[in-house]
Amino acid sequence: MQKIFNLACGSFYALGAYVGISAVQAYTSAGGPPWLFILPLAVAGLLVGGIGVVVERGLLRFVYDRDETFQLLMTFAIVLMMEDAIRLTWGTAPRSTAGLYLAYGQIGVLGATAPVYNLIVIAASLAIALAIGWLLTRTAFGRIIRATADNRDMAEALGVDMRRVYAKVFTLGTALGTLGGALVIPATAAMSEMGIELIVEAFAVVVIGGLG
Amino acid sequence: MTRLSPATPDPLRAQGPRDHDTSRRQFLKLLSAGAGAATATRLDAPFASAQATGPVKLGVLTIRAGVAAPVGAAGLRATEWWAERLNKGGGILGRQVQLVVEEESNPKDTVERYRKLVLQDKVEVVLGGISTGVTLALGPVAEDLGTPWLSWDGTTQKGVEETMPNPKWTFKSVDNEVEAIVAGILTPKYFKGIKTVAGIGNDYSYGHDCWESYQAVLKRYIPDVKFVLELFPKLGVTDFSSHIAAIQQSKADLLMCSFWSGDATIIMKQAAAVGLFKTMKGVFTTAGGVHDSLKKEFTPEGLLLGYNTMYFDDPKASPLLKQFVHEYKARYNEYPPYECDHAFFNAESYKVAVEKAAGAGKKWPDKAQVVKALEGLEIESLSGRRSWREDHVQMCNFYQGITTHKNAYDFVTISPIEIVSTKQAMKPAGSKLFDWINGWKV
């Protein structure tokens with residue numbers, strides 16, 4: 001909708017992963033039951049998405065009407081800054097949530113063993129996809145988003161406050177990235193350069209799906 | 001990024017902090033004082049070095065970003081620990097040591113920083129160098145600049161072939177493939193009846209060389225062994241579900257994995273999630289940098305695990321190693337990996353070589369004399385005795401063993417501990433790796 005190619009999406013993903021780990025560690029050391037760890041993980045992942053509004057209002061809004069090169073440079077600068085910020089805060093060594101990955105056990109599916117946590121993440125992504133679908137097609141806000149994506153000037157002429165819509169949509173996107181990072185982390189480990197890894201895949205997504 | 005020790009005088013700062021009220025006159029005064037101080041330093045420098053008094057500058061190259069940053073941090077921490085102890089005890093021949101730290105990144109930029117260390121900072125020696133991709137390029141530059149360079153972890157090998165068999169100024173780390181050779185020697189001892197083996201490693205020289213060397217060694221002990229699968233994901237991958245599914249399908253008796261960074265932890269976790277090691281034996285050389293992230297919850301007992309050239313939990317550890325591990329844990333809340341010992345050995349062997357070359361007269365030796373003293377030198381390092389082979393390659397011990405949960409940590413350690421010397425597991429100077437392995441009497 002903003003017609004901006006955001007390289008920093010990978011950084012939000014990494015940030016969500018690290019904040020998720022810290023939240024889970026705080027939760028575990030406070031004596032929370034292991035089987036509920038997904039709650040602090042998801043909540044932390046969603047909350048840190050709030051950084052989206054800061055990035056959008058503080059930086060991105062200055063490059064909307066400029067050449068795409070500016071957008072790429074700006075978002076790449078965010079990638080580099082976030083990587084260093086993560087390194088300063090959490091150090092350089094890979095971080096993980098230890099053995100919580102197996103807190104929900106494993107089940108046998110057609111002769112193969114799969115951790116239940118993986119199934120929970122699959123279910124969560126389906127639920128998120130459905131929720132986004134509902135938001136876009138069934139709510140007034142969704143209609144505004146679609147209208148703006150289709151014709152920004154017309155939407156603005158009809159009284160849509162672009163600044164608010166942009167901030168909301170960008171923050172929503174950021175929160176999805178940080179939540180994704182948080183949910184993936186029990187199955188893997190967080191490394192400061194994990195954001196850059198994701199950018200390559202993000203390119204493929206943009207090529208297939210287009211800038212929306 | 002250059003970092004001088006805090007004791008380095010800064011000509012402008014020496015005048016006290018500047019504030020916004022500084023008048024033009026004061027500002028000019030400050031400037032001239034700064035310029036004066038700078039000139040004084042410049043005039044002073046060659047004089048001091050000719051007299052061999054004042055602090056001695058040692059260059060340090062270390063990785064600060066990317067997957068190898070933890071390795072770089074460990075090397076630097078050990079070097080700083082060494083320098084602090086040394087300076088408290090009076091330095092080298094009465095001179096305090098001062099570390100000038102530069103970053104190792106890609107070969108081109110690192111070569112530039114190496115030149116800066118030697119030509120501009122005028123260091124007496126350069127310590128460090130981790131990635132062989134970079135140190136391969138540093139070797140010829142070090143030879144050209146005529147200052148000793150002691151590499152922590154990098155070699156001048158292209159694959160498993162030595163490119164600089166007779167260096168003058170370059171001192172290199174152990175060959176990269178040694179941990180795989182040690183694992184190959186120990187596999188038949190601990191895992192009987194292995195007929196099929198699957199392998200996974202990173203898709204670059206190290207991963208491929210380890211796999212090739214491991215296969216060559218294992219074939220010597222188990223001639224009819226079959227290698228049924230080889231996988232080479234790229235460095236930095238964080239999801240191995242599809243690789244693990246392929247490993248399961250191969251139904252191999254044993255998995256050999258040469259991952260050394262966070263991916264070793266990740267594959268262990270994801271393998272545990274599908275119960276891979278319930279049906280399969282496992283060999284993890286790991287190169288020794290991830291040991292405290294291999295938590296008991298997901299790392300089974302009974303795997304062959306490598307700690308590279310230093311084992312922090314060695315019950316036979318020297319008082320020096322015990323003190324180091326204790327202080328490292330207290331300061332960084334981590335247990336030190338092998339890179340600390342590479343770095344400590346480099347720095348300590350330089351000190352011993354300077355003292356040896358100085359002789360009874362205690363006159364600071366020139367660089368060529370230090371190099372001569374380093375050749376064949378054997379000293380006490382953190383992990384025990386270490387030496388420089390005559391062709392400038394580090395000689396030391398490798399620690400591997402079987403994972404156990406019987407310890408006070410939340411991660412696995414090894415018992416029994418196998419200690420294999422590079423005299424047994426590293427190709428001798430001037431030989432070809434595979435000819436040498438195939439010539440073993442097994």
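1. The open sheet in chain B has seven strands in the order β9-β8-β10-β11-β12-β16-β17, and its pairing is mixed. Strands here are DSSP runs of E of at least two residues, helices are runs of H or I of at least four residues, and both are numbered from the N terminus. Two strands count as paired if DSSP finds at least two bridges between them. At the edges are β9 (226–231) and β17 (413–421) of chain B, each of which pairs on one side only. From one strand to the next, the twist averages 20 degrees.

2. On provenance, this is a predicted model, in which local features need pLDDT of at least 70 and side-chain atom pairs count only at pLDDT 80 or more, while totals for chains, interfaces and linings use all residues. Residues are numbered from 1 along each chain as its sequence is written, and chains are lettered from A and ligands numbered from 1 in the order in which they are written.

3. Strand β8 (residues 196–200) of chain B runs parallel to β10 (residues 254–257) of chain B, and four bridges join them. Within this pair, Gly199(B) has Met256(B) as its bridge partner. β8(B) is also joined to β9(B), by five bridges and again in parallel; there Ala198(B) stands opposite Leu229(B). In general, strands of a sheet pair through backbone hydrogen bonds, either parallel or antiparallel.

4. Four of the five residues of β8(B) are buried, making the strand mostly covered. A residue is called buried if 20 or more other C-beta atoms lie within 10 Å of its own, exposed if 12 or fewer do, and partly exposed in between, with C-beta atoms placed from the backbone. Helix α5 (residues 178–190) of chain B lies across β10, β11 (281–284), β12 (304–306), β16 (397–404) and β17 of chain B, and runs at about 45 degrees to β16(B). Such angles run from 0 to 180 degrees between N-to-C directions, with axes fitted as lines to C-alpha atoms, for helices over the stretch in contact.

5. As a whole, chain B has 13 helices and 17 strands. Of its 442 residues, 46% are buried. Among its contacts between residues at least 6 apart in sequence, 69% join residues at least 24 apart. A contact requires C-beta atoms, placed from the backbone, to lie within 7 Å.

6. Two residues of chain B can be set side by side. Thr62(B) belongs to strand β1 (residues 56–62) of chain B and is buried, with 25 other C-beta atoms within 10 Å. Beyond its neighbours within four places in sequence, Thr62(B) is in contact with residues including Gly72(B), Leu76(B), Val101(B) and Glu103(B). Ser205(B) is in helix α6 (residues 205–221) of chain B and counts as partly exposed because it has 17 C-beta neighbours inside 10 Å. Ser205(B) and Lys158(B) are 47 residues apart in sequence, and their C-alpha atoms are 8.4 Å apart.

7. In chain A, helices α2 (residues 38–47) and α8 (residues 162–184) have axes that come within 7 Å and cross at roughly 150 degrees. α2(A) is therefore roughly antiparallel to α8(A); the classes are roughly parallel for angles under 35 degrees, roughly antiparallel over 145, roughly perpendicular from 65 to 115, and oblique for the rest. The crossing is right-handed, the term for a near helix turned clockwise from the far one by less than a right angle, with anticlockwise giving left-handed. Residues of α2(A) in this contact include Leu41(A) and Gly45(A), and those of α8(A) include Ala175(A) and Thr178(A). The contact has eight nonpolar, three polar and no charged residues. Nonpolar covers Ala, Val, Leu, Ile, Met, Phe, Trp, Tyr, Cys and Pro; charged covers Asp, Glu, Lys and Arg; the others, Gly among them, count as polar.

8. Helices α1 (residues 9–29) and α4 (residues 68–90) of chain A pack at about 15 degrees with axes 9 Å apart, and so are roughly parallel to each other. α1(A) passes α4(A) in a left-handed crossing. By class, their contact has eight nonpolar, two polar and one charged residues.

9. Between the chains, 21 residues of chain B are in contact with 19 residues of chain A. On the chain B side, the elements giving two or more residues are α2 (69–88) and α8 (262–273) of chain B. α8(B) gives the most, with seven residues. The chain B side divides into nine nonpolar, eight polar and four charged residues.
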